[in-house]
Amino acid sequence: MTEGHAAPALTEEQIDRLLQEMADSFAQQLRAPILHSPDEHGLDYEDVTFPALDGVPLEGWFIPASGSNKLIVANHPMGFSRAGIPAHLEPWRSIWAPSGNDFEVNLVPDYKILHDAGYNVLAYDLRNFGLSSAANGGIASSGIFEARDVAGSLAYARSRGDTADMTIGLFSRCLGCSSTFAAMAQFPEAFDGVRCLVGPQPVTMKTIVQRRLAMAGVPADRVDDLEQRLILRTSIGFERRAPQHWAGHVRVPTLLYQVRDDLLTEPGDVQAMFDNIPVADKKLQWIHGTTRRWDGYLEFQRHPEPMLSWYAAHM
């Protein structure tokens with residue numbers, strides 16, 4: 001559905017099915033495949049594997065930048081892999097077309113931009129995504145368990161002989177950003193020495209599912225029904241998933257950016273996270289002229305200067 005179109009009228013049976021399908025999607029996540037690789041952009045890279053803090057095996061790429069002592073650790077969005085999401089293909093197309101996001105997002109060009117700007121890159125798949133291992137029964141926890149992956153990626157970077165002494169910055173998108181906030185709350189010591197965070201489009205799960213339900217024609221008052229089903233499938237309700245709380249534990253200079261008129265969220269959501277970050281050196285940048293969330297993930301490829309300036313100033 002796009003702006004100006006009425007949501008379809010649904011029967012109770014259809015509503016029930018949609019609520020259950022959405023709850024089930026949190027219990028067993030759809031993995032986006034790795035359809036692209038750094039060598040498509042002429043980048044040398046190493047396939048790497050390392051453990052999360054709880055031992056879950058994670059898969060990724062290390063992309064070296066010759067002569068650089070700076071490292072960016074990249075965390076991907078919800079439903080993506082380190083390579084992106086093929087939302088132009090089924091079943092992703094049907095899931096995201098109602099919000100206008102039925103096109104591919106290839107994240108590998110991000111790593112090319114970072115590499116060419118003089119940064120080594122560690123990009124990996126969070127648990128239950130891409131090629132990383134299943135964990136916690138395969139559920140989506142909106143950052144609670146994925147925080148262990150973020151902390152594990154930092155531990156891995158510090159364990160490698162060639163990256164142990166590098167200056168570290170974070171590029172954490174959507175779920176990756178929420179997971180970073182959660183890791184800062186759970187494992188603050190893991191971020192000792194981390195210089196800064198660039199965080200595209202962190203989102204509160206309740207907000208995005210309410211928007212998706214509205215687009216599908218489900219009455220707003222049924223979100224409580226969805227939450228009960230979500231708890232039955234994952235044991236985790238909406239309040240425990242709220243990244244605004246975790247944002248209060250951020251201790252590094254932070255740049256957030258967000259599509260201002262994103263159909264899948266509302267400006268007040270990311271604004272609340274930004275307001276809760278208790279550091280003076282922070283910035284919230286809005287993207288205008290689109291309602292498509294995916295455009296926010298492509299913003300770095302289209303207009304990388306503000307993000308690269310943030311890294312340059314802090315690393």
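How far apart in helix α7 are Asp-225 and Arg-229, counted in helical turns? I looked this up before anything else. The two are four residues apart in helix α7 (residues 223-234), so about one helical turn separates them. Helices here are DSSP runs of H or I with at least four residues, strands are runs of E with at least two, and both are numbered from the N terminus.

**Ground rules**

I am working on a predicted model, where local features need pLDDT of at least 70, side-chain atom pairs count only at pLDDT 80 or more, and totals for chains, interfaces and linings use all residues. Residues are numbered from 1 along each chain as its sequence is written, and side-chain values use heavy atoms, with hydrogens and water left out.

**Overall form**

I noted 11 helices and 10 strands in the protein chain. The radius of gyration, taken over C-alpha atoms, is 19 Å, close to the 20 Å from the globule rule for 315 residues, so the chain is as compact as a globular protein of that length. That rule is 2.2 Å times the number of residues to the power 0.38. I also noted the box that the C-alpha atoms fill: roughly 60 × 40 × 40 Å along the principal axes. Buried residues make up 57% of the 315. Buried means under 20% relative accessible area, exposed means over 50%, and partly exposed lies in between (1.4 Å probe, protein chains only).

**Salt bridges**

I found 20 salt bridges in the structure. Each is a side-chain nitrogen of Lys or Arg within 4 Å of a carboxyl oxygen of Asp or Glu.

I went back to my opening pair. Asp-225 bridges to Arg-229, with the closest N and O atoms 2.9 Å apart. Asp-225 is partly exposed at 24%, while Arg-229 is buried at 13%.

Next I checked Arg-17 and Glu-21. Their closest N and O atoms are 4.0 Å apart. Both sit in helix α1, four residues apart, about one turn of the helix. Arg-17 is partly exposed at 44%, and Glu-21 is partly exposed at 45%.

Which parts does the pair Arg-160 and Glu-46 tie together? These residues form a salt bridge, with closest N and O atoms 3.0 Å apart. Arg-160 lies in the loop between α4 (147-159) and β7 (167-172) and Glu-46 in strand β1 (residues 46-51), so the pair ties together parts 114 residues apart in sequence. Arg-160 is buried at 11%, whereas Glu-46 is partly exposed at 37%.

**Helix α1 and its partners**

I then followed α1 (residues 12-27) to α6 (residues 205-216): they pack at about 145°, axes 11 Å apart. Axes are lines fitted to C-alpha atoms, for helices over the stretch in contact, and angles run from 0 to 180 degrees between N-to-C directions. From α1, Leu-18, Leu-19, Met-22 and Phe-26 meet Met-205, Val-209, Arg-212, Leu-213 and Ala-216 of α6 (contact means heavy atoms within 4.5 Å). I sorted this contact by class: eight nonpolar, no polar and one charged residues. Ala, Val, Leu, Ile, Met, Phe, Trp, Tyr, Cys and Pro count as nonpolar, Asp, Glu, Lys and Arg as charged, and the others, Gly among them, as polar.

My last stop was α1 against α7, at about 35° with axes 9 Å apart. The contact includes Asp-16 and Leu-19 of α1, and Asp-225 and Arg-229 of α7. Its residues divide into seven nonpolar, two polar and five charged.
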